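Me: I am new to this structure and would like to learn how to read its features one by one. Could you show me the general idea each time and then the case at hand?

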Amino acid sequence: MIILGIETSCDETSAAVVEETGDASRPWRIRSNVVASQVAIHREWGGVVPELSARQHIRDICGVVERALEDAKGPRIDGVAVTQGPGLVGSLLVGLSFAKAFAWTRGVPLIPVHHLAGHIESLVLQGGEMPMPAIVLVVSGGHTSLYRISTPGVYELLGRTRDDAAGEAYDKVAKLLHLGYPGGPVIDRLARSGNERAIAFPRMRLTHADRNAPDLPGTRDFSFSGLKTSVLRHVGTRRETLGLTPADPLPDYETADICASFQRVVVDTLLDRLFDAARWYQARSVGIAGGVSANSRLRAEAEVRGAARQLPVFVPDLALSTDNAAMIAAAGLRRFRAGFDAQLDINAEASLAL
Ligand code: KG4
Ligand code: ZN
């Protein structure tokens, strides 16, 4: 079984060819994985502009798929997997429409995939099947969600952010410090030369039930908006003290201290929740997926905590941590193997639930 994957939910146009290996412990092999990033286009605006994103996907999709098929060295394609949601609806529609046309003209099945199921599958692509039960944290620009997986392909939501996603907090803090977009990689780099104990930013405390979603259990939820506001206040006060305007950067050493102190709170918060849940549910492995899993501090600290508890820690390679179609193809293979086959009248869903 060989599948073409397509991902266009946000600011990367990606296509990949992934095949089933027949080896139960390492089920998928990547034959090609092509990513055209739009970061340079959105950087000018300080964040992703949905309309520009959709239009750029239209320009890129044909070339990216052609290249993925070429790189895969011409195998037959048995099915096409595509991100159905969540994401920017105009952007999702480009990939979904392309995938429908491809499936129809080639007479192969169309398999819709949840973007986060794709991120979780990046862990299996990288390290093979996770020992079950597993606790997986998906941290990206749009999501911070904790899942329990007892059967591969079945995800139980344990908690999620009530406001900003972790990656979004990185992006907003970077914007405030005039560090450009996306914020994660630059804060990660600058934090290395800063003092992570220089500023005592607050840790998340959730003292009340989630009023916006009373039906969700919510005991393992996250919140990053308080931290972001606290960084905003600190930066405002420092600019005032130094006689700077909001357009001026702070001195380099102060910026580095803010990055390090902010990052320490984010990393501790994420890992405390992940390892607490692992202990509570007696997990046999843990994983971290999504764009923020590229963070060097998060990866290093997760390794240390995992080793101390003798728990294997799954993280994807950097190329598989940010959005890519190989993870979508792999998640599609898993769904297809479970007997799933979609009709051609499915629609993109901006807030699809997993
Ligand atoms: O998964 P992804 O590529 O797209 C979404 O589905 O959102 O994640 C993008 C996010 C951005 O917010 C970016 O700032 C963050 O991942 N990111 C990082 C790092 N690299 C990317 N955050 C922290 N540290 C990094 N090294
Ligand atoms: Zn993503």
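Reply: Let us begin with a pair of strands: β9, which spans residues 285-289, is joined to β10 by two bridges, and the two strands run parallel. Please keep in mind throughout that this is a predicted model.

Me: What holds the strands of a sheet together in general, and which residue is the bridge partner of V286 in β10?

Reply: In general, strands of a sheet pair through backbone hydrogen bonds, and they may do so either parallel or antiparallel. In this structure, V286 has V313 as its bridge partner in β10.

Me: In what order do the strands of the open sheet lie, and which of them are the edge strands?

Reply: The open sheet is formed by five strands in the order β8-β7-β6-β9-β10, with mixed pairing. Its edge strands are β8 and β10, the latter covering residues 313-314, and each of these pairs on one side only.

Me: Do β7 and β8 run parallel or antiparallel, and how many residues lie between them in the hairpin?

Reply: Strand β7 (residues 144-151) and strand β8 (residues 154-160) run antiparallel and are joined by five bridges. They form a hairpin with two residues between them, and G153, which sits in the turn, has a positive phi of about 90°.

Me: Why does G306 count as buried, and which residues is G306 in contact with beyond its neighbours in sequence?

Reply: Burial is read from relative accessibility, and G306 counts as buried because its value is 1%, where the cut-off for buried is under 20%. G306 lies in helix α9, which spans residues 296-309. Leaving aside neighbours within four places in sequence, G306 is in contact with F275, L311 and V313. The C-alpha atoms of G306 and V286 are separated by 8.1 Å, although the two residues are 20 places apart along the chain.

Me: Why are α7 and α8 described as roughly antiparallel to each other?

Reply: For two helices, one looks at the angle between their axes, and here the axes of α7 (residues 225-241) and α8 (residues 252-280) come within 11 Å and cross at roughly 165°. Angles over 145 degrees count as roughly antiparallel, and therefore α7 and α8 are roughly antiparallel to each other. Their crossing is right-handed. The residues that make the contact include L227, V231 and H234 of α7, and I258 and F262 of α8.

How values were computed:
Residues are numbered from 1 along each chain as its sequence is written. Chains are lettered from A and ligands numbered from 1 in the order in which they are written. This is a predicted model: local features need pLDDT of at least 70, side-chain atom pairs count only at pLDDT 80 or more; totals for chains, interfaces and linings use all residues. Side-chain values use heavy atoms; hydrogens and water are left out. Two strands pair if DSSP finds at least two bridges between them. Helices (H or I, at least four residues) and strands (E, at least two) are DSSP runs, numbered from the N terminus. Buried means under 20% relative accessible area, exposed over 50%, partly exposed in between (1.4 Å probe, protein chains only). Contact means heavy atoms within 4.5 Å. Axes are lines fitted to C-alpha atoms, for helices over the stretch in contact, and angles run from 0 to 180 degrees between N-to-C directions. Angles under 35 degrees count as roughly parallel, over 145 as roughly antiparallel, 65 to 115 as roughly perpendicular and the rest as oblique. A crossing is left-handed if the near helix is turned anticlockwise from the far one by less than a right angle, and right-handed if clockwise.
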